[in-house]
Amino acid sequence: MAFPADYKYTKEHEWVRADGTTGTVGITDYAQNSLGDIVFVELPKPGTELTAGQSFGTVESVKAVSDLFAPVTGTVTEVNQELATAPEKVNSDPHTTWMIKVTLKDPSELNSLLSAADYEKFVAEEH
Amino acid sequence: MSQNAEVTSIRKTALNRIHRHMGAKMVEFNGWDMPVEYPATATRKSGGLVAEHLAVRHSVGIFDVSHMGDIRLVGPQALAAVQRMTMNDASKLTIGQAQYSALLYPEGTFVDDVIVHRLGENDYLLVINAGTREKDYDWVSGQARGFDCVVQNLSDDYTQIAIQGPNAWRALQKLTDVDLTQIKFYWFTHGTVCGLPNTMIARTGYTAEDGFEIYVPADEGVSEMVWNAIMEAGEEFGLLPCGLGARNTLRLEGALSLYGHEISDSITALEAGLTRFLKFDKGYFTGREALEQQRADGLKRTLVGLEAIERGIPRDGYKVCDTEGNEIGFVTSGSPAPFLKKNIALAYVPPNFAAPDSVVAVEIRGQLVKCKVVAIPFYKRPKISK
């Protein structure tokens, strides 16, 4: 599996791509592969305040419900509406299919997330 | 040391190595290391729960169901013993015929559901669930005491493979000289399969499709040989290996009960709606009195099918409420249905909510999601003339 080098990662298998004070969030290829066919994604409304490490929504496969954990603290500005009707995009393009965009409260939080290389190592150990 | 000390090591079927070799995602199910789903590969282009489910609906899939158990009763009073301990009428069975039934407690609740097969004149085979093997054997032995028959636990002797789907008979026919078109649904025979003589071939299953279950020796080499032979025979039909994930969604679409969910030791046969298999006038059986009393008193809850009419997936254990949010029952099994493309569930509700088109609400992570009551089964296989 290849993980984009310019993203940061959590141990809960979310990725965040930072662009100044905006963070774009999704889940990794490892996550979508573990989940299987995704049938439902539940995301917060714009304006919702997120705290790093806390659940911000759920992603469901046929057999299970999994929490989505916020990689960063901030305010939700945009939600990917496509996922309401085409959740399978997360399976086919996990690293380009975004879920939410967040205005970062504290961009320095990104420094405590995993780099692509560290995440790759982490995932290899978990297997 | 307690007599009922728990078995802590996980059990494996004789096909465990093959599942792992095929890259299956494994899960612990009732103490067994079982495949949930198999990935697509370079050669097997499809994979995963949804593909496996659809393969069974459209063509054919195979399942390792060796974790299920087998108890045999043989002797002059074997039928009498079976009649005493089960709720269906086993005296109606001809040799070679099987019936869905259940072992009940005196309260009319479930020890387990079973398929009773009449092997011979005084010879019956009960096929039981994985998680209840030991419990059932102990229960059956106790119930059979005083009857002139022997109770044998054959659970470890067999690898049980289910071949299910409209093309199941075509795939299996390539491996046996037995004319499968002559075996009616819920009948069985013995014949040579993959060169193995005297193999039981039953037209039974848990998928709401046509199909067969075969019982071969639990030897690893023999079991692998048979599994591979069926994979090869089924290749031209797009046969897929199927795991417990698809097994669950297939049986759910067919509204087939799963022990611990729709049926359990706290649910009665009447509440579960299994009246078709409950024969009050066949003679005395354990649980009959309690059920007669419940029938006279009326049911406080009954099993219904639900279909979500708002966005959301009702799942096992979720609360069922009226549309005002008052709790009225619970979901026993719920999931997206891969073939029907709806989100469905089975649930217990009071009888006044059980009429089709009644609207209830399932609580999903704090939100009330409206569902309507629908007739079950959700799916019935189409009648095809062969």
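Visitor: How many residues of chain A are in contact with chain B?
Guide: This is a predicted model. On the chain B side, 11 residues take part. The chain A side divides into four nonpolar, one polar and three charged. The number of chain A residues in contact is eight.

Visitor: How far apart are the C-alpha centres of domain 1 and domain 2 of chain B?
Guide: The assignment gives domain 1 of chain B as 16-66 + 157-253 and domain 2 as 300-374. Seven residues from domain 1 and seven from domain 2 make their contact. The C-alpha centres lie apart by 32 Å.

Visitor: Which helix supplies the largest share of the side of domain 1 of chain B that touches domain 2 of chain B?
Guide: Helix 2 (49-58) and helix 7 (244-253) of chain B each supply at least two residues of that side. The largest share is four residues. They come from helix 2 of chain B.

Visitor: What span should helix 4 of chain B have?
Guide: Helix 4 of chain B covers residues 133-144, which is 12 residues.

Visitor: Within what arc do the buried residues of helix 4 of chain B fall?
Guide: The buried residues include B:Tyr137, B:Trp139 and B:Val140. Seen down the axis of helix 4 of chain B, the buried residues line one face, because they fall within an arc of 165 degrees.

Visitor: Which residue just after helix 4 of chain B takes a positive phi?
Guide: The phi is about 95 degrees. The residue is B:Gly146.

Technical notes
Residues numbered from 1 in each chain as written. Chains lettered and ligands numbered in written order. Predicted model: local features only at pLDDT ≥ 70, side-chain atom pairs only at ≥ 80, totals over all residues. Contact = placed C-beta atoms within 7 Å. Nonpolar A, V, L, I, M, F, W, Y, C, P; charged D, E, K, R; others polar. Domains from an automatic or database assignment. Expected span 1.5 Å × (residues − 1). Buried ≥ 20, exposed ≤ 12 C-beta atoms within 10 Å, placed from the backbone. Arc of directions from axis to C-beta.
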